[in-house]
Amino acid sequence: MMGRGEGATLAALCLLALVLFGLPLGLLAKVGLTDGGVPSFAPLIEALGSGSVRRAAWNSLESSVVSGLAATLIGTFLALAVGLTNVRAKGALVFVLLLPMMIPPQVTAIAWVQALGPSSAVLTTLGIAPPPGSAHPLYSPFGVMLLLTVQHAPLVFLVVLAALRGLPREMMEAARISGAGPMRVLRRVILPLLAPSLLAGFMLAFVSALGNFGIQAILGIPARYTTLPVLIWRRLSSFGPSVLTDVAVISILLALVALLAIATQSWLQKRTRRGLIGPPQPSLRIALGPLRPVVEAGLATYVAATLLLPLAALVATALVRTYGLPLTADTVTLENFAEVLFRQASTLRAFANSTLTAGAAALVLAGVSIALAYFLARPAAGLQRRAGGILAALADVSYAIPGLVISVAFILAFIRPLPLVGLSLYNTLGIIFLAYLTAFLSISLKPVAAAYLQLDPSLDDAARVSGAGFGRRMCRIFAPLVAPAAGSGAILMFLTAYNEVTVSALLWSTGNETIGTAIFNYEDGGYTTLAAAMSCVTVVATILLMVLLDRAGRRLPPGVVPWRI
């Protein structure tokens with residue numbers, strides 16, 4: 001039976017879901033799937049009749065599928081090397097392998113452009129830069145797919161590494177006792193058991209690439225390789241009379257592709273799932289013997305190529321007076337950092353705005369996750385659990401939908417002043433804050449829901465028998481027990497939102513810039529050295545936040561911090 005406190009909390013969560021999910025996405029569907037006020041697929045069919053939309057849709061599918069497959073291959077190899085072998089310094093290795101995922105995609109794109117182009121400060125200093133005026137190798141479909149692969153391979157690595165930790169060790173040991181070598185165990189036992197996780201990793205990389213804006217804009221626009229997110233951004237920037245309708249239709253097309261991918265993943269996972277007997281144990285450790293230095297050298301080379309080289313180019317560009325100069329004692333300067341940190345009011349506002357909005361959203365979502373996950377963990381099926389499941393499903397769907405689609409939905413929902421109060425959220429930080437709540441609830445909810453499932457249901461029963469109301473049970477029992485997981489989810493959500501550009505690309509305005517939009521605007525406006533300097537500061541801030549999370553992880557349960565193994 002549901003008490004007053006539980007009923008009021010569930011009603012508040014449903015009202016919040018209506019504001020964050022139902023209203024914006026409902027208006028998006030209304031605008032994009034109606035013709036003359038009547039539900040119709042005619043707007044979608046008409047959009048697909050446009051050559052520019054068809055090309056953008058094909059480019060989005062092509063880049064997402066190719067980069068998703070490549071990311072799955074690379075991420076799986078890295079996870080197997082770290083999770084199953086006796087390579088050394090695994091904690092530090094996992095940390096640096098996950099860093100590209102935490103670095104904003106627009107910063108990744110800028111760093112690689114500056115690392116490999118004719119004006120690269122690093123290559124110019126080494127005397128191996130391409131001839132001036134030559135085409136940049138990354139301004140091409142291949143460049144877009146390459147950087148999408150680098151950006152999303154850590155996602156697959158994280159998924160597969162977690163799956164390896166959950167495999168019963170007895171199955172692998174039994175195969176080895178039967179005489180199977182490491183490669184045969186991998187091929188006949190480990191990879192079949194990992195099939196659902198490999199599929200999940202591919203779909204995660206695919207959906208992330210589908211909605212990625214920073215890489216596709218910075219590399220795709222010069223290459224004239226337009227994808228759906230870039231097309232949405234361009235259409236919304238045109239300020240035509242039917243711009244919102246056009247953008248809504250394209251956004252629904254992008255959302256449908258993402259949802260179809262998620263539905264396909266769910267269906268395939270059911271067909272590839274294997275029942276396992278026995279509890280998870282530490283993964284099998286395969287001794288590499290004389291091959292260990294070779295594998296470790298290969299991993300170090302990968303880290304150097306995907307992380308150190310672009311970051312070195314980023315720093316070198318930020319330290320020269322003009323983009324294209326070699327980094328020497330005569331050209332080195334700190335003026336770009338001084339300009340970004342002390343003179344440009346917009347960049348200072350961007351850091352403050354991102355810290356405020358991401359931090360506030362992380363705190364709010366931590367509280368929402370603690371309340372919502374309580375209903376998800378109810379032992380008996382009922383109204384509470386069904387309602388909680390629907391809200392959690394909405395969170396998952398919103399995370400799967402590309403951020404630009406969320407932005408368009410919020411523009412449609414809040415472009416007019418709010419009724420009754422007459423307050424306008426459009427062109428304010430408030431609309432970005434609400435969009436963050438919608439886009440990133442799933443990140444905050446997952447670890448808290450997992451923590452609730454570890455609790456004994458008798459805790460709740462004993463507290464009820466003792467006369468404790470819902471608020472008292474939450475404050476004195478459940479909130480303290482799941483607080484570490486809630487804190488971890490909040491920090492991961494903060495790291496994700498702090499540097500993002502996809503959600504805020506269409507919602508920012510003068511005075512309400514975020515870090516991601518400020519960096520993108522610098523690069524788009526030709527201020528390359530300032531974009532590099534601000535990107536360097538952002539990377540340092542991200543690493544510091546991850547180090548703080550790593551230190552906090554020493555006092556948290558195992559597995560809460562992904563790179564602590």
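A residue counts as buried when its relative accessible area is under 20%. Keep that cut-off in mind during this tour of a predicted model.

Stop 1: Select Y374. Its relative accessibility is 4%, so Y374 is buried.

**Stop 2: F213 and F520.** The structure has 12 aromatic pairs. In the pair of F213 and F520, the ring centres are 5.4 Å apart and the planes meet at 50°, so this pair is tilted. F213 sits in the loop between α9 (182–211) and α10 (214–223), while F520 belongs to helix α21, 307 residues away in the chain. F213 is buried at 0% relative accessibility, and F520 is buried at 7%.

**Stop 3: α15 against α21.** Select residues 345–376, which make up helix α15, together with α21. Their axes lie 8 Å apart at an angle of about 150°, so the two helices are roughly antiparallel. S346, T347, A350, F351 and S354 of α15 meet I515, A518 and Y522 of α21. This contact involves 5 nonpolar residues, 3 polar and no charged.

**Stop 4: N512.** Move to the loop between α20 (470–498) and α21 (515–524), where N512 is found. Is N512 buried or exposed? N512 is buried, with 13% relative accessibility. A polar atom of the N512 side chain lies 2.8 Å from the backbone oxygen of N427. Among the other residues that N512 touches are N353, T428, L429 and I432.

Terms used: Residues are numbered from 1 along each chain as its sequence is written. This is a predicted model: local features need pLDDT of at least 70, side-chain atom pairs count only at pLDDT 80 or more; totals for chains, interfaces and linings use all residues. Side-chain values use heavy atoms; hydrogens and water are left out. Helices (H or I, at least four residues) and strands (E, at least two) are DSSP runs, numbered from the N terminus. Buried means under 20% relative accessible area, exposed over 50%, partly exposed in between (1.4 Å probe, protein chains only). A polar contact is a pair of N or O atoms within 3.5 Å; within protein, one must be able to donate a hydrogen and the other to accept it, and residues adjacent in sequence count only if both atoms are side-chain atoms. Contact means heavy atoms within 4.5 Å. Axes are lines fitted to C-alpha atoms, for helices over the stretch in contact, and angles run from 0 to 180 degrees between N-to-C directions. Angles under 35 degrees count as roughly parallel, over 145 as roughly antiparallel, 65 to 115 as roughly perpendicular and the rest as oblique. Ala, Val, Leu, Ile, Met, Phe, Trp, Tyr, Cys and Pro count as nonpolar, Asp, Glu, Lys and Arg as charged, and the others, Gly among them, as polar. Rings of Phe, Tyr and Trp (its six-membered ring) pair if their centres lie within 6.5 Å; planes under 30 degrees apart count as stacked, over 60 as edge-to-face and the rest as tilted. Lists of a residue's contacts leave out its neighbours within four places in sequence.
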